[in-house]
Amino acid sequence: MSAVPRFSFGGLLNRADLSTLRRQIVRITALSAAAVSGAMALVLVLFSPTAEILGISVSLYVFAVALLNLLWFALASVNYRAAAFGLMVTLVAITWINPPAAARLALIALVVAAAVADTRAWRLVLLVVLAKLVYETVIVFDQGTIVEGSNLLTTNLIILIAALAVRFVINFTSRAVETSQRTAVLLRTSAEIGAVSTQLTDLKSLFDRVVTLIQERFGFYHVQVFIVNASGDQAVLQSSTGEIGRRLLARRHQLAVGSQSVIGQVTLRGEFVIARDTDRDEVHFRNELLINTRSELAVPIRDGAIVVGALDVQSTEADTFDAIDVEALQVISDFLGTALRNAATYEEQGRVAEENRTLLREAEENNLRIQRLNRELTRASWDEFTQSERALLGVDSEDTRVISRDEWSPSLEAAALERRTIATQDGDRTMVAVPLTLRGEVIGAIEVESGTETDPATIALIEDVAARMAISLENARLYEEAREATGQEQFINNLSARYQAANSVDELLRLTLQEVSETLGAQYGSIRLGKLDDNTPKNGAAAS
């Protein structure tokens with residue numbers, strides 16, 4: 001069982017919860033009425049025990065009123081609405097039963113009703129109390145003097161004005177509290193949606209979470225999000241609350257941009273649209289699944305100046321949306337617009353990253369292909385070079401002499417085949433063999449005596465020399481090929497120049513055969529003209 005809140009005037013003034021404020025008013029009024037009634041009952045018992053009203057002992061009647069008020073005081077902590085109703089009935093009844101105190105009791109009854117009753121109850125209490133006051137005023141004017149009647153009329157008018165003033169203050173306070181609460185809900189909801197929008201990159205999950213939060217925080221009947229399609233002619237439903245929402249999503253619900261609907265108009269105009277009464281407002285599109293909708297509000301979702309969708313809320317009450325709702329939903333829709341832009345940016349970055357990864361893979365594959373081709377070309381070029389008669393395939397150093405030799409030692413073979421440095425001990429000598437590697441291909445090997453010990457610095461020096469040597473060998477080979485190509489080109493140019501001086505076919509044939517044979521060192525050469533068959537005369541020239 002919940003504890004009864006302790007009464008304090010400081011607590012009463014500091015509470016922002018209107019229902020708590022009304023509960024305190026009921027408790028204060030009931031406790032005060034009980035105290036006054038109890039004191040009056042004690043005075044009547046002591047000084048006028050025989051007094052009666054309507055055939056009932058006045059002291060007993062007042063004591064019963066005190067007990068009733070104590071009951072309402074206790075009940076207010078559990079159910080203040082029932083306590084307020086009982087208190088108002090008690091005060092109104094006393095007002096009718098007790099004419100001498102009618103004015104004072106009417107004031108109390110009207111103030112309590114103004115503070116705690118809803119509009120209908122307040123009007124009923126006001127009507128009943130005014131009827132009593134009018135009745136008492138008429139009696140006074142009829143039976144008393146004009147002065148007494150005027151005084152009572154003035155008092156009753158003051159009572160009425162005071163009650164209306166209290167009601168105005170309560171209504172104003174209610175609106176202020178409601179505005180404050182809705183503003184607080186707006187701030188909390190906006191903060192939650194802002195946090196959610198930074199955590200969720202999946203738009204579907206984000207939209208589902210947002211519509212659920214809006215429905216829970218604001219208590220709307222239905223909430224949904226529409227996004228304009230790529231062609232810009234349809235607003236397509238993306239998220240919707242409840243079982244009805246699932247059915248709408250299943251049938252791929254959409255509304256045309258610019259159609260006679262709240263969504264169609266908001267996506268066309270780029271500003272909020274309200275259908276205050278769906279039974280009379282032509283801008284509302286009646287959906288057979290949302291039969292309880294009485295009012296609808298939609299705000300645009302923008303990406304900069306472009307409308308990309310709409311946030312739509314619906315209520316079961318007519319004309320329920322105000323400026324606070326519009327402001328709150330616009331703030332939330334701006335979050336959604338930012339989330340859409342971030343999602344598009346994230347998607348674009350992902351696409352660019354994937355393209356870059358693809359380009360990187362292709363570049364790596366091309367690089368591997370180029371390396372393989374380079375190795376193949378290097379291998380083919382050096383194979384051709386080493387097989388040519390002019391190539392010197394190896395040298396050895398003996399003492400101070402350098403002699404030609406093409407035999408491979410075991411260390412040289414091991415270094416070339418295993419593609420690594422080989423260090424071997426030959427008696428007192430340490431031999432280091434290093435492969436000559438060019439573009440990943442071994443084109444030879446170098447072997448050097450490094451002394452009596454294997455010194456890492458010496459090995460590193462030999463490996464450095466081998467690397468530089470491989471590059472220099474390649475440059476020398478290319479230079480020889482270029483020089484040979486240049487010589488061939490020069491020979492052809494010279495031969496072409498001598499062709500210009502020849503005056504007959506016979507001279508051209510003899511000139512060509514002579515120059516080619518001399519250049520190539522050929523011992524025999526021949527040239528034949530014409531098509532070879534049994535009927536063709538055998539003509540030609542030969543040199544030997």
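In this predicted model, the cover over the buried residues of helix 10 includes strand 3 (222–228), strand 4 (234–240), strand 5 (254–256), strand 6 (273–275), strand 7 (295–303) and strand 8 (306–315). Helix 10 itself spans residues 262–269 and is mostly covered, with six of its eight residues buried. These buried positions are Val262, Ile263, Gly264, Gln265, Val266 and Thr267. Just after helix 10, Gly270 adopts a positive phi of about 80°.

A nonpolar patch is found on the surface, formed by Leu31, Phe63, Leu67 and Leu70, which together present about 350 Å² of accessible area. Helix 3 (residues 58–76) supplies the largest share of this nonpolar patch, namely three residues. Leu70 is located in helix 3. With a relative accessibility of 41%, Leu70 is classed as partly exposed, because that category lies between the limits of under 20% for buried and over 50% for exposed residues.

Confidence was also examined along the protein chain. The average pLDDT of the chain is 78, and 82% of the residues score at least 70. Over residues 1–16, pLDDT remains under 50, and the model has 14 contacts beyond four places in sequence for this stretch. Residues 540–544 likewise have a pLDDT below 50; beyond near neighbours in sequence, the model shows 13 contacts for residues 540–544. Where pLDDT is low, predicted coordinates should not be read in detail.

How values were computed. Residues are numbered from 1 along each chain as its sequence is written. This is a predicted model: local features need pLDDT of at least 70, side-chain atom pairs count only at pLDDT 80 or more; totals for chains, interfaces and linings use all residues. Side-chain values use heavy atoms; hydrogens and water are left out. pLDDT is the predictor's confidence in each residue, from 0 to 100. Contact means heavy atoms within 4.5 Å. Buried means under 20% relative accessible area, exposed over 50%, partly exposed in between (1.4 Å probe, protein chains only). Helices (H or I, at least four residues) and strands (E, at least two) are DSSP runs, numbered from the N terminus. Patches are made of residues with over 30% relative accessible area and no salt bridge: like charges are joined within 9 Å, nonpolar side chains (Val, Leu, Ile, Met, Phe, Trp, Tyr) within 5 Å. Accessible areas come from the Shrake-Rupley method with a 1.4 Å probe; for residues, only the protein chains shown count as cover. A salt bridge is a side-chain nitrogen of Lys or Arg within 4 Å of a carboxyl oxygen of Asp or Glu.
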